[in-house]
Amino acid sequence: MTDLVGAPPSHGPRLFAGWAATGRPADLAAHLNRYGPLPAHVALIDLARSAGLRGRGGAWFPTGTKLAAVAAGKRKGSVVANGVESEPVSDKDHALLTVAPHLVLDGMALAANAVGARDAVLCVPRGDVLVPSLLAAIASRTGDPVPIRLAEVPHRYVASEESALVNFLNTGMARPTERPPLPFERGVRGRPTLVDNVETLADLALLARYGADWFRSVGTAAAPGTALCTVGGAVARPGVREFPVGASLRSALGEFTEPVAAVLVGGFGGIWVGQPADLALAPDLLGVALLLALPARACGLATTARIVRYLAGESAMQCGPCMFGLAAVSQDLDALVSGQPVLDRLRQRLGVVNGRGACAHPDGAVRLAASALSVFADDVRSHAAGRPCFGVRVDPGFPIPAATGLGVGWR
């Protein structure tokens, strides 16, 4: 292991440690002053496995397994860093690329070397304000094993799905493709491709410097390390926080600004929970690391209807469950909020759509809707009995975008 200028963070922030120490984003000189250079020789795949690192993009897939699969390919492949963050309210990847871009670029270099890649691509949302600074960060680096380039990806909800990223880099169309083949089998230009979230790659950069034991010193046995999480809604301190995986929901949320009805966990394709304080934010619950506290004054069912309407509008228009099923579910939710007796039909449609899409997009929308029917059961009964909530349903305390329109904006 190389000599380090900065000591390994033993508690508190890890990915944000340099930012916490200096209070400003790190250029390459500040980054090297804090962390030192990358170790010259790292058995990255074995290290990722022994550390138990799992992907931080939402699926929490074992990183060592993914690295090994790409490395086993018969052709030199590619590394794709996913910083697109299509979840509308999430800001964790943007925050990381703002304060510690060189940790991400270090991780890309390490991964490229480990899998024998011939190039690497950092993907971010089109028009992101960080584009100039990221281009400057890439240009400032010398000695990386492969060239790194930046790609700007359209603003669509499913554009950050890994097959959609590969499709965009191959064809310019940011829509998911049917699988198999998976990207590690045939990805960018038909080559084996590693697609990892930028947070995962930044973790690799720290892991290579400080080792598996350090990484496992926080988190859980099944999912060690910390996670970056966007916290919003009726909380006193909204923003991006870093906490150990397995932390309680209550500690991650902090103080509320008003009474809260429920918390949306895992983003717009996640679930509503009734916020028990001791609920552990483990991977099977956390998914996309986003927590939104819904004020008690808002109608949870009406909020869910607005989110599902957005998700239906973000369909890639490639399979029936997404094109027609989500539209029908959205219409039934709107009708139920308005006091129409459609609950039985809605439940039936949720069962028909789930598990039948070409990608996981319809499953997420169905999961959210099903959890709303359970968590907001009193509201559901009231609406099903013909009592709409009218004005009280307007403000959930966090933004819900309107859909950008079917069939446009994918290039």
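User: How much space lies in the second largest pocket?

Analyst: This is a predicted model, and every value here is computed from it. In the second largest pocket, the space comes to about 380 Å³.

User: Which element gives the most residues to the lining of the second largest pocket?

Analyst: The lining is made of 20 residues, and among those nearest the centre are Leu-38, Ala-109 and Arg-141. Two elements each give two or more residues: helix 2 (28–35) and helix 6 (101–115). The top contributor, with four residues, is helix 6.

User: By class, how many residues in the lining of the second largest pocket are nonpolar, polar and charged?

Analyst: Gly-143 and Asp-144 are two of the lining residues nearest the centre. Over the whole lining, the classes divide into 11 nonpolar, five polar and four charged residues.

User: How many cavities of 30 Å³ or more does the search find, and how much space lies in the largest cavity?

Analyst: A cavity is a space where the probe fits but cannot get out. Searching the whole structure gives two cavities of 30 Å³ or more. The largest cavity holds about 120 Å³.

User: Which helix gives the most to the lining of the largest cavity?

Analyst: This cavity has 14 lining residues, with Gly-18, Trp-19, Ala-26, Arg-34 and Tyr-35 nearest its centre. Helix 1 (17–22) and helix 2 are the elements that give two or more residues. With four residues, the most comes from helix 2.

User: Why do the buried residues of helix 2 line one face of the helix?

Analyst: Leu-28, His-31, Arg-34 and Tyr-35 are the buried residues in helix 2. Look down the helix axis: they line one face because they fall within an arc of 130 degrees.

User: Which exposed residues sit on the face of helix 2 turned away from its buried side, and what do the buried residues pack against?

Analyst: The face turned away carries exposed Ala-29 and Asn-33. The buried residues of helix 2 pack against helix 1, helix 6 and helix 9 (198–210).

User: Is Glu-85 buried or exposed?

Analyst: Glu-85 is in the loop between strand 1 and helix 5. Its phi is positive, about 50 degrees, although Glu-85 is not a glycine. The cut-off for buried is under 20% relative accessible area. Glu-85 has 17%, so it counts as buried.

User: Which residue has a backbone nitrogen 3.3 Å from a polar atom of the Ser-86 side chain?

Analyst: Ser-86 is found in the loop between strand 1 (78–82) and helix 5. Its relative accessible area is 11%, so Ser-86 is buried. Beyond its neighbours within four places in sequence, Ser-86 is in contact with Arg-156, Tyr-157, Ala-159, Ser-160 and Tyr-310. The backbone nitrogen at 3.3 Å belongs to Ser-160.

User: Which residues does His-94 touch, not counting residues up to four places away in sequence?

Analyst: His-94 is placed in helix 5 (residues 92–99). It is partly exposed, with a relative accessible area of 22%. Residues up to four places away in sequence are not counted, and that leaves Glu-85, Asp-128, Val-129 and Leu-130.

User: How far apart in space are Pro-401 and Arg-306, C-alpha to C-alpha?

Analyst: Pro-401 lies in the segment after helix 17 (377–384). Beyond residues up to four places away in sequence, Pro-401 touches Pro-88, Phe-268 and Tyr-310. Along the chain, Pro-401 and Arg-306 are 95 residues apart. In space, their C-alpha atoms are separated by 8.8 Å.

User: What is the relative accessible area of Arg-189?

Analyst: Arg-189 is placed in the loop between helix 8 (162–171) and strand 4 (193–197). Its phi is positive, near 55 degrees. Exposed means over 50%. Arg-189 counts as partly exposed, with a relative accessible area of 49%.

How values were computed
Residues are numbered from 1 along each chain as its sequence is written. This is a predicted model: local features need pLDDT of at least 70, side-chain atom pairs count only at pLDDT 80 or more; totals for chains, interfaces and linings use all residues. Side-chain values use heavy atoms; hydrogens and water are left out. On a 1 Å grid over the protein atoms alone, a cavity is a set of points where a 1.4 Å probe fits but cannot get out, and a pocket is an open set with protein on both sides within 12 Å along at least five of seven lines; lining residues have an atom within 4 Å of a point. Grid points are joined across faces, edges and corners, and a volume is the space filled by probe spheres set on the points. Ala, Val, Leu, Ile, Met, Phe, Trp, Tyr, Cys and Pro count as nonpolar, Asp, Glu, Lys and Arg as charged, and the others, Gly among them, as polar. Buried means under 20% relative accessible area, exposed over 50%, partly exposed in between (1.4 Å probe, protein chains only). Contact means heavy atoms within 4.5 Å. A polar contact is a pair of N or O atoms within 3.5 Å; within protein, one must be able to donate a hydrogen and the other to accept it, and residues adjacent in sequence count only if both atoms are side-chain atoms. The arc is that of the directions from the helix axis to the C-beta atoms.
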